[in-house]
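Q: I'm new to this one. Can we go through it piece by piece?

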Amino acid sequence: MHSATCRDETSDTRSRFSLAVRASAHPMHLASPCDTCQAREFSACASLTGEEQKRLAAIMRTINVEPHRPIFDEADPAEYVYTITAGAVKVYKLLGDGRRQITGFLFAGDFLGLTHNEVYAYSAEALVPARLCRFPRRRLEALLAEIPHLEERLLAMASHELAAAQDQMMLLGRKSARERVVSFILMLFNSATRHGGPGNPVFLAMSRGDIADYLGLTTETVSRTVTLLKKQGLVELLDDRRIRLANMSALREIAEGF
Amino acid sequence: MVDTLTARFLDRRTIDKAYPLVRNIVPGMTAARWARFVRPHLMPRSPDWPRGVMTIQNAGGCILSLFAFEVRADLHETRIFCMDHIMIPDLPGRGTLWASTIGAAERLAEMNGCGAIKVEFARGPERSDQKLLMALEAMGYSLASVRASKRLKAKPGDTGDDGDGVTRSVRGLCDA
């Protein structure tokens, strides 16, 4: 079990996860971490009042997760829910035959922790160094009982995993590899701009293998398609896993199947 | 940011989109089986006796919950609104979602001149169902009716296994 149990650092029984995670509590007498959170202005937290934010911060811990380390595994007891404040995370399911199916990529501002009958419905793993706010599910639910209107606000935050998986279903419905790859790149662009970033160039936090897995293609097909887009002058491949969208209108037409 | 929740009918184009929600509620469900199950629910029927699948979507078009419904004749009430296959994920803030889902069902029942609403839970006492039952009771639903169900053994050759390791009932095949 690789659940994000983020134990007390003094614990003798550190899991392999605890080696990858640094947690810090934020007692109410200290300045709230929300005050300096870069994800705050484009996440649902932005709409919380100062008092609501303070109450959430009181039950929250910040955790840092190293790349390629699990945050939780599918079917682990769902003790926590998370908000990503920095970095990127992939969510995936293990299929019956042992294969892994990536069902979504989540970024700063997104919420994590969809469950079914008190266990996590997906596994989640950091793609790059990630920082998350971690809330104990039961304490969060108790807080909702005390502040009923918080419930509506949290629902807006909590649907990101479902939305990511539904985006994927729409992407897989696109027929050609080219349409899927271009749609995916535009999806990352849209996500980045929605989260307050410039969007272009697009940062690919995930490997081509992850992209292939997500799009239902082979890694070779993804690489070949990106190379072709580059040759056609539609994109430029930059350093540091960034890709510049050189002809946005043409890319949008491809994504729409024209 | 408080999401605006909207009730929309599921249509053939959005069957696949609803699949991640369904898979969340019914682990192991395949996309093919979901599509085969739901397609007949979307076939046009007599306008007097509608059936379909209603979804609750947020402002971004994400399907957050759904249920199947059918208006049936009833000896006591003339027309009743039956809802089943209710799929509401275990999300923080789901109370709002329950209220929207049940509210959509009630509006639909009213529009169709139904005298009562029957809600069916076929899967047994799962935790999420129990919470929904409590929510329904709080919304004025009576949980007092008696119902019984029994799992039947499928006949050899009638397992409905499509090679995806999921056994389907004979009725499920008829539905498809």
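A: Let's start with a strand pair: Ala86(A) has Arg131(A) in β11(A) as its bridge partner. Strands (E, at least two residues) and helices (H or I, at least four) are DSSP runs, numbered from the N terminus. Two strands pair if DSSP finds at least two bridges between them.

Q: Before we go on, what kind of model is this, and how are things numbered?

A: This is a predicted model: local features need pLDDT of at least 70, side-chain atom pairs count only at pLDDT 80 or more, and totals for chains, interfaces and linings use all residues. Residues are numbered from 1 along each chain as its sequence is written, chains are lettered from A and ligands numbered from 1 in the order in which they are written, and side-chain values use heavy atoms, with hydrogens and water left out.

Q: Back to strands. Over how many bridges do β4(A) and β11(A) pair?

A: Strand β4 (residues 80–86) of chain A pairs with β11(A) over 6 bridges, in the antiparallel sense. Along that pair, Ile84(A) is opposite Leu132(A) of β11(A).

Q: And what does strand β2 of chain A pair with?

A: Strand β2 (residues 61–65) of chain A pairs with β11(A). That pairing is antiparallel too, over 5 bridges. Thr62(A) has Cys133(A) in β11(A) as its bridge partner.

Q: What holds strands together in general?

A: Strands of a sheet pair through backbone hydrogen bonds, parallel or antiparallel.

Q: Which strand does β4(A) join through 2 bridges?

A: That is strand β7 (residues 111–112) of chain A, and the two run antiparallel. Thr83(A) is opposite Phe111(A) in β7(A).

Q: How many residues of β11(A) are buried?

A: In strand β11 (residues 130–136) of chain A, 6 of the 7 are buried, so the rest of the structure largely encloses it. Buried means under 20% relative accessible area, exposed means over 50%, and partly exposed is in between (1.4 Å probe, protein chains only).

Q: What about β4(A), how many there?

A: For β4(A), 6 of the 7 residues are buried, so that strand is largely enclosed by the rest of the structure.

Q: New topic. Where does Arg137(A) sit?

A: Arg137(A) belongs to helix α3 (residues 137–146) of chain A.

Q: Buried or exposed?

A: Arg137(A) is buried, at a relative accessible area of 9%.

Q: What is Arg137(A) in contact with?

A: Contact means heavy atoms within 4.5 Å. Leaving aside neighbours within four places in sequence, Arg137(A) is in contact with Ala78(A), Glu79(A), Tyr80(A), Val81(A), Gly113(A) and Thr115(A), and with Asp90(B) and Pro92(B).

Q: Now helices. At what angle do α7 and α8 of chain A pack?

A: Helix α7 (residues 208–215) and helix α8 (residues 219–231) of chain A pack at about 105°, with axes 8 Å apart. That makes α7(A) roughly perpendicular to α8(A). Axes are lines fitted to C-alpha atoms, for helices over the stretch in contact, and angles run from 0 to 180 degrees between N-to-C directions. Under 35 degrees counts as roughly parallel, over 145 as roughly antiparallel, 65 to 115 as roughly perpendicular and the rest as oblique.

Q: Which residues meet there?

A: Arg208(A), Gly209(A), Ile211(A) and Ala212(A) in α7(A) meet Thr219(A), Val222(A), Ser223(A) and Val226(A) in α8(A).

Q: How do α6(A) and α8(A) cross?

A: Helix α6 (residues 177–194) of chain A crosses α8(A) at roughly 75°, and their axes come within 10 Å. The two are therefore roughly perpendicular. Among the α6(A) residues in the contact are Val181(A) and Ile185(A), and the α8(A) side includes Leu229(A).

Q: And chain B, what is in it?

A: Chain B has 5 helices and 5 strands. From the N terminus, the elements go β-α-α-β-β-β-α-β-α-α. Buried residues are 44% of its 176 residues.

Q: In what order do the strands of chain B form a sheet?

A: The order is β1-β2-β3-β4-β5, in an open sheet of 5 strands with mixed pairing. Its edge strands are β1 (6–9) and β5 (116–119), each pairing on one side only. The twist averages 30° from one strand to the next.

Q: Which strand does β1(B) run antiparallel to?

A: β1(B) is joined by 4 bridges to strand β2 (residues 51–57) of chain B. Phe9(B) has Met54(B) in β2(B) as its bridge partner.

Q: Last one: how many residues of helix α1 of chain B are buried?

A: In helix α1 (residues 15–25) of chain B, 10 of the 11 are buried. Among them are Tyr19(B), Leu21(B) and Arg23(B).
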